[in-house]
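Please examine the sequence and the structure shown here before reading on.

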Amino acid sequence: MDHARKAIYNMFGGEPLSYTRFSLARQPDGDSSHVEMKLSAEDEDGGENGVIDHIHAQPVKPRKSNRHLCCVSSVAALVFLAGFLFGYLCFRARMPEPRECANGLEPCQNGQCVSMDVDEPVQPEGQVRGPEPEPVLYWSDLQNKLAEKLDGISFQPTIRKVSAASHEAGTGGDEDLANYIYSEFGSYKLDGVWKNEHYVRVQVPGSSPNVISLEVRGGIKETLDASKAYVAYSGTGNVAGKPVYANFGRREDFDTLRQKTIAVNGTVVLVRAGKIPFAEKVANAQELGAVGVLIFPSPADYRGLGENVAQFGHAHLGTGDPFTPGFPSFNHTQFPPAESSGLPRIPVQTISSSDANKLFRRMSGVACPSEWSSTFSATCRLDSGDPAGVTVSLQVNNAFAERRILNIFGVIKGFEEPDRYVVVGAQRDSWGPGAVKSGVGTAILLELARAVTKLVKNDGYKPRRSLVFASWSAGDFGAVGATEWLEASWVWRQGSSPSRGLVSTCPEAGHLGYAATLHLKAFAYINLDSAVAGSGDFQFSASPMLKQLLKEAVTNVKEPRFLGNALPQKEAPFRMDNAGFAFLAYSGIPSVSFGFTNMGGGEYPHLGTTEDTPDKLLSYFKSGDHLDTTVRAAAEIAGRMAVRMTHDHELYLDFSSYDAKLLDFLRKLLLYSKDLQGMGLHLRWLMVARGDFSRATNALKTTVRNTDLYNKVACRALNDRIMKVEYHFLSPYVSPRDAPLRHIFFGSGPHTVQALVDHLSLLKTNKSAVDEDLLRNQLALATWTIQGAANALAGDIWDIDNEF
């Protein structure tokens, strides 16, 4: 055995067998010696019976060995290998799965399919390939495609169809047009089409005509020509009084009469049409004690209108059905009797310019200011002059009638946020032919619905938000159809709305909600009424939040080319009879209304008359093609705005625009700072509120820059804050029933900032007329409304930073 062990050791180059024996016995000196006992093979062989014959004892020198170095190297290698494997596995876990092309066969690198040199496998029978990649439509693509869809369209056939027969609100002609539009929407394969009906009270001519007569010295009477035109919602009865001429019937015009010591109380006021709506003229005259009002079109303002033509209009200082203020009109028997405070109590009638000249010839009082008198063939006078002079008798016999009206809607639903929508609307009804009043807007509405539907169905456009097309009835009576929808907004029942392409034929397709929630869904309104009434100029009215969008929309429109940097000079105040005004002042929804007009921006002379015909409209253009080109430009502008607001991630609403409006308001108030200090009042808190609003807009801008707009939850939260800005300028301190137009900048009533400025102006002109308690309330409520808007814009309560 020992020989075998020796042979093995020798085979591996080992030394002769030796071992070390340690003595555990302690030496007398306390030392324990280390002794090596080396036994060689020869030594082992030399003893008998395994006894060692001789032993050499000597100190052992440590033998050099590489075993320790090998162990350290092995451990290091194992650690490195483990770290490498761990890192590799972590890296693989973060790598995306390899993508394939739409054909499912080739790998995708950098978004491109890489062809592989392999035979394409045979498609198994019955297996359906994956969908082809959808085209990406950028905003520039959409603009071009929208223009292509509208190119070559003639709008004249629709304009002529709408104005061919009488279609006053609630009549058979109006319902026939409603059914036609409903059918057209259905033929376009919109995602939903439905009707909305209301029962409203309108005023119509009575059984006997209205009569205007002049009684001169000696009891001689002259009857002015009876006109078929009338003023809806006029007071009724017989009145008589001396005539007083008040120019346009504005407040400043009545101030001029007061300065000339001409009393209005007990008189019949004569005013010319234009500048402000009929209702404001009547309200201003009634406030000063007038017993009646006559309205006529001046030849200087309405060039081309026949001298024997009178106008139609309404005298309700408000919008919607005046007998259901603040709530919807469905069946009047369900609601207690109510009446709008904007209804006049005095009779009102329109007359022609020819009849106005007859009246001026009978007046012999104070001469008119030069800017008031350049429009008549007769000498312009402010009053009758002689106490025994001409007296005007006015008899109005209008009667109220209940009418059923229909609003028609079509929708293209959004793919990401279908419950957010922009509304595009146009008035359908008209007193008289209404080529401009209702024909142009309706033609644009239908063609836009068709064009945008094709963008979605044929070109693969996927709007993020919904687009609602609306045809309103009873617009001639003060945006009644639009306002009633705002008061009882039509919304789709979640989970039961019609699927794409399904036409809803009955009201059961939805349910009724109230306008208190509409601002959470509709974020903009585009009004198409009278969008083309000429070709030489352009005018618009808009919420500050939509002006930048309009500016971009009119840029590079092919025809006409005169728009550009001059756009800010084209702005005009919203008129109360504009449907966009109802959306803005009543519901707090940003609105815009625009139109091409004749040179100088004057009103279309035939609007609201029997002369509003297609042929008369055509006479203001070089040719039919020129008319179509202009209408097409209006349609393209409206389409660009609507599509842009459904395309971008962030809502295209300029929420910082109210900074400048608030600053302008404060500058006006600062003129009365010393007067207020004398009353123990100051503007400090109002300035703090304005500062908080400015800081909130700046903070929101920062939030927009830092928000991942591709994150749907974050983007929606951001847009929710943006779309509520306009709404928070509705004063929460007044009743929607008593003061429906609650917007502090665009509304009507003592809660508005304009009413506050007008009241403050009395501190310098007529201090005795100042109501100090009212002034304190106006100042406080304006401050808190602005502060509330700032707080809402700031977002969560922990982001609100003010010192109130």
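This is a predicted model: local features need pLDDT of at least 70, side-chain atom pairs count only at pLDDT 80 or more; totals for chains, interfaces and linings use all residues.

The paragraphs below lead through the cysteines, the aromatic rings and a surface patch.

The structure holds one disulfide. The residues that form it are Cys-368 and Cys-380, whose sulfur atoms lie 1.9 Å apart. This distance falls within 2.5 Å, and therefore the pair counts as a disulfide. The pair links distant parts of the chain, with Cys-368 and Cys-380 twelve residues apart. Both cysteines sit in the loop between helix H9 (353–361) and strand S15 (391–396). The angle about the S-S bond is -75°, and the link of Cys-368 and Cys-380 is left-handed. Cys-368 has a relative accessibility of 12% and therefore counts as buried. Cys-380 also counts as buried, because its relative accessibility is 5%. Another cysteine, Cys-715, is buried as well, with a relative accessible area of 7%.

The aromatic residues come next. The count of aromatic pairs comes to 26. One of these pairs is formed by Trp-194 and Phe-409, with 5.3 Å from centre to centre and 15° between the planes. Planes under 30 degrees apart count as stacked, which means that the pair of Trp-194 and Phe-409 is stacked. Trp-194 belongs to strand S5 (residues 192–204) and Phe-409 to strand S16 (residues 399–412), so that the pair links parts of the chain 215 residues apart. Trp-194 and Phe-409 are both buried.

Phe-409 also pairs with Trp-472, the ring centres being 5.6 Å apart. Because the planes of Phe-409 and Trp-472 stand at 80°, this pair is edge-to-face. Trp-472 lies in strand S18 (residues 465–472) and Phe-409 in strand S16, so the contact ties together parts that are 63 residues apart in sequence. Both Phe-409 and Trp-472 are buried.

Elsewhere, ring pairs link Tyr-230, Tyr-233, Phe-312, Phe-323, Phe-400, Trp-431 and Phe-477 into a cluster. Within this cluster, Phe-400 has Arg-201 over its face, at 5.2 Å from the ring centre. Arg-684 lies over the face of Trp-685, at 4.6 Å from the ring centre.

The final topic is the surface. Phe-80, Leu-81, Phe-84 and Leu-85 form a nonpolar patch there. Together, these four residues have about 460 Å² of accessible area. Leu-85, one of the patch residues, is found in helix H3 (residues 67–94). With a relative accessible area of 45%, Leu-85 is partly exposed, because the value lies between the limits of 20% and 50%.

Definitions and conventions:
Residues are numbered from 1 along each chain as its sequence is written. Side-chain values use heavy atoms; hydrogens and water are left out. Helices (H or I, at least four residues) and strands (E, at least two) are DSSP runs, numbered from the N terminus. Buried means under 20% relative accessible area, exposed over 50%, partly exposed in between (1.4 Å probe, protein chains only). Patches are made of residues with over 30% relative accessible area and no salt bridge: like charges are joined within 9 Å, nonpolar side chains (Val, Leu, Ile, Met, Phe, Trp, Tyr) within 5 Å. Accessible areas come from the Shrake-Rupley method with a 1.4 Å probe; for residues, only the protein chains shown count as cover. A salt bridge is a side-chain nitrogen of Lys or Arg within 4 Å of a carboxyl oxygen of Asp or Glu. Rings of Phe, Tyr and Trp (its six-membered ring) pair if their centres lie within 6.5 Å; planes under 30 degrees apart count as stacked, over 60 as edge-to-face and the rest as tilted. A charge sits over a ring if NZ of Lys or CZ of Arg is within 6 Å of the ring centre and within 35 degrees of the ring normal.
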